Amino acid sequence: MKSTILKLILSVFIAFNFSCDSNHSDKEVFIDDLLSKMTLDEKIGQMNQYNGFWDATGPLPNAGYEKNRYDDLRNGMVGSMLNVIGVENVYALQKIAVEETRLGIPLIFGFDVIHGYKTISPIPLGESASWDIKAIEKSARVAAEEAAAAGLNWTFAPMVDIYRDARWGRVMEGAGEDTYLGSVIAAARVKGFQGSDLSDFSTIAACAKHFAAYGFPEAGRDYNTADINKYTLYNNVFPPFKAALDAGVKTFMNSFNTLNEIPATGSKFLQREILKGKWGFDGFVVSDWGSIGEMIPHGYAEDGNHAAELAINAGSDMDMESSLYVTELQSLVKEGKVEEILIDDAARRILGVKYDLGLFENPFKYCDKEREKNVIGSKENQLAALDMAKKSIVLLKNNNQLLPLKKKGQKITLIGHLANDNNSPLGNWRGAADSNTAVTVLEGLEAYGENSITYSKGVDLYYGETNFHSRVNLNHTDKTGFKEAKIAAKFADVVVMVLGEEGFQSGEGRSRTELGLPGLQQELLEEIYKVNKNIVLVLMNGRPLNLTWADKNIPTILETWHLGSQSGNAIAEVIYGNYNPSGKLTMSFPRNVGQSPIYYNYKKTGRPGASSAEVTTSTYADVENSPLYPFGYGLSYTNFDYSELKLSGDKMNRKNMISASINITNSGDFKGKEVVQMYIRDHSGSLARPVKELKGFELIELNPGETKEVVFQIDNSSLTYFTVNDKWESEIGKFSVYIGSNSDVQKNKSFNLTN
Ligand code: NOJ
């Protein structure tokens, strides 16, 4: 019987000549027809997502849950699974869905493919520092190809949350603090994952998350309350989500936090009014892991039944791991607390994405063992990861041009646990990467040069195995390795110290109240400095760190994040000058943790007085207001000189535009890339305006001695924001334009926007 119905459905489907290109009504007709055959329970089943039976990325129910879940699957009560990976596993579960359920509706398999599946590229914060949009898109494409080859159809990425507080561990997972750059990157990542044809077997559905304001947890503590005003929400938080939507993103994930007192998962405003209403999103919204049930501890839902009612009424279409839709929705509909039309709508959205993926056409299209073998971890993908890794590195300081190092004839002492750690560079959210597979800095330096390298660990940063589920066990006491490291450092020509965070020290649930180098690393750095000042500090970390001491004392500092599978090779290529670093920070680095949250596009107080000796100003008694390294900052082995900036006029109206141009000259000895950044300041508005905001950038490459003119067109859209009138509009008055190499640029020219 089951197979007859399946065949019937498939034949209807085939008759409609489906493909991604087929017109909208074919899809509608198919889904209408399918929905008309579904019972209420089966529709609710589509809205249920279970974790697989191997690994989990959140708290699981009590032991013994597996059996019920298999039963649910067979009864058509599961629409999606997460954390099921590999063709064999996906195939086995898909087979149950297709062959054993009454209607044979395929499952959609989701996984956190955040910066690679098996071949790991840099953490997203690192990738964003490349400002290389094509490379970022390509990186997502490679990740999608590998994930699709492993049977997956859907990634829970990109995370497009804007954030400003380095204490929050998930800063590693996004594109930094800026809305404009974050929006451009959000679109690129969506395009990379989804490609131009979602029904192709190498593309997967993307998911813009976490809607919304998850990046603003109070005090940087993960999952914490977000309390931000309407204008920050519209002007800073929403745009990357909208950009993802405009790029065609198929799904959204809501978030754990409450936003202005209402849990995002239960927020009608976010999901129904904005996303599905004003923005017209026609894909589906998945809850975050258990976030429907978490509305109970939030003090918002009375019990599971109430939580399910609130979530569906608010527009959460799929329940990730709360199991509350399957247990509660049926009775909620019967009692009239939830209208069946909402269930139809949610099921329709979910079926629509499955349709777009081509899963009805062939539920097993992602399950090709041959492809799995050939695509995953291929040489080509490793090369792409290397390319992305090099582009993500940021040179923070390079006194006396200590870098690049000569490839021969040098005595190098390499120090630090992380220098010989092949696990940490994979970072958190490392997909299906095999542990201990990253190239280490030690291996990279040996492979790319012919120097004599002495390695001394210096100190254990951490002990034992690390993983997604446990806290890193840091060493706070044992300094026995200091002695050997000091001896090794003393007579070296140069000391390369690799310090920072273990790969799982940032990411979900990894908030910190201190931003210093963890464990005993700061002390080790200071001890080594006593015997040899010629230090290249290579940082590996998932968030901005407090580098105030290092910046003052250490001549050369390289920010390398957690760079992924090819980490050591990329770092060696930069250290030896095969690749001239071109990355620029996408998050401000504070002078100390007390400055958090810190970001470049802040609003001035009425008493800014940063350089004033007057006490009653908005300044700290102990450090200056500015960050240690500002947003957009990063050096190169060469120098770029900026000419005076020119504006094509001093007036514009909303219908025409002004161009801002500048000449950049490579006045150093190396070929290099520069990210030319354009910021605009709106001098007065119906709301207090930020000191400046990024409105354009261009990545250029110049040979030594070469000059290039960069021109930015400024039109009304560059001046528009969500004003006090609750409208996206520009306001007449004075604006200033800044073009420079980072957000601290001061030189500017002004113009007026007139009616
Ligand atoms: C919780 C995280 O917040 C979310 O980003 C992730 O996609 C899910 N868990 C699934 O792993």
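This is a dialogue on how to read some features of a predicted model.

Visitor: What is the volume of the largest pocket, and which residues are closest to its centre?

Guide: The volume of the largest pocket is about 860 Å³. Its lining is made of 27 residues, and those closest to the centre are Tyr 602, Asn 625, Ser 626, Pro 627 and Val 691.

Visitor: How many residues of each class are in that lining?

Guide: The lining of the largest pocket has 12 nonpolar residues, nine polar ones and six charged ones.

Visitor: How is a pair of aromatic rings described?

Guide: Two values are used: the distance of the centres and the angle of the planes. This structure holds 35 aromatic pairs. In one of them, Tyr 91 and Phe 364 are 4.7 Å apart centre to centre, with 40° between the planes, and the pair is tilted.

Visitor: Where do Tyr 91 and Phe 364 lie?

Guide: Tyr 91 is in helix α5 (residues 87–100), while Phe 364 is in the loop between α13 (340–356) and α14 (369–375), so the pair ties together parts that are 273 residues apart in sequence.

Visitor: What kind of pair do Trp 131 and Phe 697 form?

Guide: Trp 131 and Phe 697 form an edge-to-face pair, with 90° between the planes and 5.1 Å centre to centre. Trp 131 lies in the loop between α6 (124–128) and α7 (133–149), and Phe 697 lies in strand β24 (residues 693–702), so this pair ties together parts that are 566 residues apart in sequence. Trp 131 counts as buried at 1% relative accessibility, and Phe 697 also counts as buried, at 17%.

Visitor: Which residues form an aromatic cluster?

Guide: One aromatic cluster is formed by Phe 211, Tyr 231, Tyr 234, Phe 238, Phe 241, Phe 252, Trp 279, Phe 281, Phe 722 and Trp 728.

Visitor: Which ring has the charged end of Lys 692 over it?

Guide: That ring belongs to Tyr 738, and the charged end of Lys 692 sits 4.8 Å from its centre. In another case, Lys 209 lies over the face of Trp 429, at 5.6 Å from the ring centre.

Visitor: How many residues of helix α12 are buried?

Guide: Eight of the 11 residues of α12 (residues 324–334) are buried, and the helix is mostly covered. The buried residues are Leu 324, Tyr 325, Val 326, Glu 328, Leu 329, Gln 330, Leu 332 and Val 333.

Visitor: What covers the buried residues of α12, and which residue with a positive phi follows the helix?

Guide: The cover includes α3 (40–46), β1 (48–51), α11 (304–314), β10 (319–320) and α13. The residue that follows α12 is Gly 336, with a positive phi near 80°.

Visitor: What about a positive phi in a residue other than glycine? Where is Asn 83, for example?

Guide: Asn 83 has a phi near 65°. Asn 83 lies in the loop between β2 (80–82) and α5, and counts as buried at 4% relative accessibility. Ala 219 is not a glycine either, and its phi is positive, about 60°. Ala 219 is placed in the loop between β5 (207–211) and α9 (230–246), and at 52% relative accessibility it counts as exposed.

Visitor: Which residues does a cis peptide bond join?

Guide: Pro 158 is in the loop between β4 (154–155) and α8 (179–194). Another cis bond joins Ser 596 and Pro 597, where omega is about -10°. Pro 597 is in the loop between α20 and β19.

Visitor: Where is Tyr 637 found, and what is it in contact with?

Guide: Tyr 637 is in the loop between α20 (567–575) and β19 (640–642). At 3% relative accessibility, Tyr 637 counts as buried. Leaving aside neighbours within four places in sequence, the contacts of Tyr 637 include Leu 395, Asn 398, Val 574, Tyr 579 and Phe 670.

Key: Residues numbered from 1 in each chain as written. Predicted model: local features only at pLDDT ≥ 70, side-chain atom pairs only at ≥ 80, totals over all residues. Heavy atoms only, no water. 1 Å grid on protein atoms, 1.4 Å probe; cavity = no way out; pocket = protein on both sides within 12 Å on 5 of 7 lines; lining within 4 Å. Points joined across faces, edges and corners; volume = space filled by probe spheres on them. Nonpolar A, V, L, I, M, F, W, Y, C, P; charged D, E, K, R; others polar. Phe/Tyr/Trp six-rings, centres within 6.5 Å; stacked < 30°, edge-to-face > 60°. Helix = DSSP H or I, 4+ residues; strand = E, 2+ residues; numbered from the N terminus. Buried < 20%, exposed > 50% of the residue type's maximum accessible area, 1.4 Å probe, protein only. Lys NZ or Arg CZ within 6 Å of the ring centre and 35° of its normal. Contact = heavy atoms within 4.5 Å.
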